[in-house]
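Please look through the sequence and the model shown here before reading the briefing that follows. The notes after it are grouped by topic.

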Amino acid sequence: PLLGWECRDQATPDNATKVVRTYMQTPDAVDQSLAGISLRLAAVEGDKALFNAYQQKFEASEIPAERSRYLTALGALRDPTMREDALAYALTDKLRAQEMFGLSQGIASTGDAGRDRLFEWMTENYDAILSKVPPMFASFMPFFAGGCSAERLAVAEVFFADPERGTPGALKQLAKVSEQVNQCVGLREREGAAVARYLQQSETSPE
């Protein structure tokens, strides 16, 4: 997956697209362990046509695992317009209560830009989101601030400081998110330059 997402090795998304075509026509013909990652890799540079195709397959399926694969891939399209379409779709009645978070997972996988927009969307639609999910899910909302951004975490800490949002469960989860983010930020500061050099070398090295 790293070859297709970060190094932009063209063979990887090309192969994923072939797998996706087969899977969408004959799901049983594809190893299920490859289906999800192939759907997401094909979405890296996906367009509205692919968005619509994933959406149609998602809505037509009654198999939870298959619905999850298409929904996560739907969120993985990196085009900002498609991201906004996915976020709007998350609040429709087409999704079951728990499926909203599968779509969020796909958006979060698109990098810092996706995570930032996802967190912003959560703060803008906090009440609407909670109205669509079981009450127990409220404590997990701080996970929208996860990732590797100290700035996003700082905003989340202020957001959940509001007594109406900072329930005991939410504050407990926020502490876990804070630990994860701080560890990621520390690792990025220590190793980020070396990783960037490695990825650059991978892109420019001859075959």
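## Briefing on the predicted model

Arg-152 is buried, with a relative accessible area of 4%, where buried means under 20% relative accessible area, exposed means over 50%, and partly exposed lies in between (1.4 Å probe, protein chains only). This is a predicted model, in which local features need pLDDT of at least 70 and side-chain atom pairs count only at pLDDT 80 or more, while totals for chains, interfaces and linings use all residues. Residues are numbered from 1 along each chain as its sequence is written, and side-chain values use heavy atoms, with hydrogens and water left out.

**Overall architecture**

- The chain has 11 helices and 0 strands, where helices (H or I, at least four residues) and strands (E, at least two) are DSSP runs numbered from the N terminus.
- Of the 207 residues of the chain, 43% count as buried.
- Among the contacts in the chain with a separation of 6 or more, 68% come from residues 24 or more positions apart, contact meaning heavy atoms within 4.5 Å.

**Surroundings of Arg-152**

- Arg-152 lies in helix 10, which covers residues 150-159.
- Leaving aside neighbours within four places in sequence, Arg-152 is in contact with Asp-112, Arg-115, Asp-116, Phe-119, Phe-144, Ala-145, Gly-146 and Gly-147.

**Packing of helix 7 against helix 8**

- Helix 7 (residues 99-108) and helix 8 (residues 112-124) pack at an angle of about 145°, and their axes are 8 Å apart; axes here are lines fitted to C-alpha atoms, for helices over the stretch in contact, and angles run from 0 to 180 degrees between N-to-C directions.
- On the helix 7 side Met-100, Ser-104, Ile-107 and Ala-108 take part, and they meet Gly-114, Arg-115, Leu-118 and Trp-121 in helix 8.
- The residues of this contact divide into 5 nonpolar, 2 polar and 1 charged, given that Ala, Val, Leu, Ile, Met, Phe, Trp, Tyr, Cys and Pro count as nonpolar, Asp, Glu, Lys and Arg as charged, and the others, Gly among them, as polar.

**Salt bridges**

- Side chains of opposite charge can pair when their charged atoms come close.
- A salt bridge is a side-chain nitrogen of Lys or Arg within 4 Å of a carboxyl oxygen of Asp or Glu, and by this rule the count comes to 10 salt bridges.
- One of them joins the side chains of Arg-96 and Glu-62 at 3.0 Å, N to O; Arg-96 lies in the loop between helix 6 (80-90) and helix 7 and Glu-62 in the loop between helix 4 (48-60) and helix 5 (64-75), so the pair ties together parts that are 34 residues apart in sequence.
- In this pair Arg-96 counts as partly exposed at 32% relative accessibility, whereas Glu-62 is exposed, with a relative accessible area of 58%.
- Another salt bridge is formed by Asp-112 with Arg-188, whose closest N and O atoms are 3.5 Å apart, and this pair links distant parts of the chain, with Asp-112 in helix 8 and Arg-188 in helix 11 (residues 168-204), 76 residues apart.
- Asp-112 is partly exposed, with a relative accessible area of 37%, and Arg-188 is partly exposed as well, with a relative accessible area of 44%.

- Arg-117 is found in helix 8 and is buried, with a relative accessible area of 17%.
- The side chain of Arg-117 makes a polar contact with the side chain of Glu-84 at 2.6 Å; a polar contact is a pair of N or O atoms within 3.5 Å, where within protein one must be able to donate a hydrogen and the other to accept it, and residues adjacent in sequence count only if both atoms are side-chain atoms.
- Glu-124 forms a salt bridge with Arg-117, with the closest N and O atoms 3.4 Å apart, and a network of salt bridges links Glu-84, Arg-117, Glu-120 and Glu-124.

- Met-82 is found in helix 6 and counts as buried at 7% relative accessibility.
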